[in-house]
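Trainee: I have a new model on my screen and would like to learn how to read it. Could you walk me through it?

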Amino acid sequence: MIAYRGQGQPGCGGCFLAFFLMALLFGGAPFLLQLLGFLFFSGLIFLLLAGVAFWYMLSSFQRQSQRYQASQTESHNLFVTLLVKILVKIAQADGEVTRDEVATIRRFFQDTLHYDRNQLYWVRDLIKEARQIDDSLEELVAEFRRQFSYEPRLILAELVYRMVFTKTRPLDAEKNLARSIARYLGIFDLHQRIFEAKYAAYSGYAGRGGGAGARVDERAAEKRSLGILGLSQGATWQEIKKAYRALSMQYHPDKVRH
């Protein structure tokens, strides 16, 4: 048997062809040329207006970003600038800045500091500038240590660990880099263990579904929870309570109001 094949409706190309044939039939070649000229120049005007609108929107974002930057204290601007430069340098350590690493930086400002679109536009510019600078990582970290107290250093140290563990399997050299930066910043050993265990647990999360997969989920959740406290599996209840009190003090509102 011969299978019946329905014919589809003509696409937009067929519609345009029919339209031009009708114009040629009823108006002749001069009318068709005028029509083509009108469509061509209308398209150019549309593209020009779209370009002007895009340029205006871009300029507006830049002006608002500059106004926000000018409205902040010099200390705040220095904190953000150095923070971004250091994180970008760490991302460049393996020769490539990935989208996940850039997203990690943006998420900190968006989710933790609640930056709006204009403020994030400033962060985006800082990331682009940081990828071009010649300052060494050692110089930037040393400047950060000179300028800021323990709490801002603690924020930087945690972000360094978060950047390193953006990869599912970070290299030993990258983990050692995070440890050396944390030590140089004077971060307490407990906080270093908390950060490393926390992000190692998150990056190693696996297992979904029921049955054996559900048990893997439970073990992963337990490992992740203990990791946030800087503990490993098998920790005693007293160790858990002590680590929890230390962590709650670290993130107490009186500590992080700045």
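Mentor: We will go from the overall fold to the core and then to the charged side chains. This is a predicted model, so local features need pLDDT of at least 70 and side-chain atom pairs count only at pLDDT 80 or more, while totals for chains, interfaces and linings use all residues. Residues are numbered from 1 along each chain as its sequence is written, and side-chain values use heavy atoms, with hydrogens and water left out.

Trainee: How many helices and strands does the protein chain have?

Mentor: Helices (H or I, at least four residues) and strands (E, at least two) are DSSP runs, numbered from the N terminus. Here the protein chain has ten helices and zero strands.

Trainee: What share of the residues counts as buried?

Mentor: Buried means under 20% relative accessible area, exposed over 50%, and partly exposed in between, with a 1.4 Å probe and protein chains only. Of the 258 residues in the protein chain, 33% are buried.

Trainee: And how do I read a nonpolar core?

Mentor: In soluble globular proteins, nonpolar side chains tend to be buried together. A nonpolar core is a set of buried Ala, Val, Leu, Ile, Met, Phe, Trp, Tyr and Cys residues joined through side-chain atoms within 4.5 Å. The largest one has 50 residues, and Leu83, Phe109 and Phe144 touch the most other members. Its largest share, ten residues, comes from α2.

Trainee: Which residues is Phe109 in contact with, beyond its sequence neighbours?

Mentor: Contact means heavy atoms within 4.5 Å. Leaving aside neighbours within four places in sequence, Phe109 contacts Val80, Leu83, Val84, His114, Tyr115, Leu120 and Val123.

Trainee: Now the charges: how many salt bridges does the structure hold?

Mentor: Side chains of opposite charge can pair when their charged atoms come close. A salt bridge is a side-chain nitrogen of Lys or Arg within 4 Å of a carboxyl oxygen of Asp or Glu. The structure holds four. In one of them, Glu196 pairs with Arg179, the closest N and O atoms being 2.4 Å apart. Glu196 lies in helix α8 and Arg179 in helix α7, so the pair ties together parts that are 17 residues apart in sequence. Glu196 counts as buried at 19% relative accessibility, while Arg179 is partly exposed at 26%.
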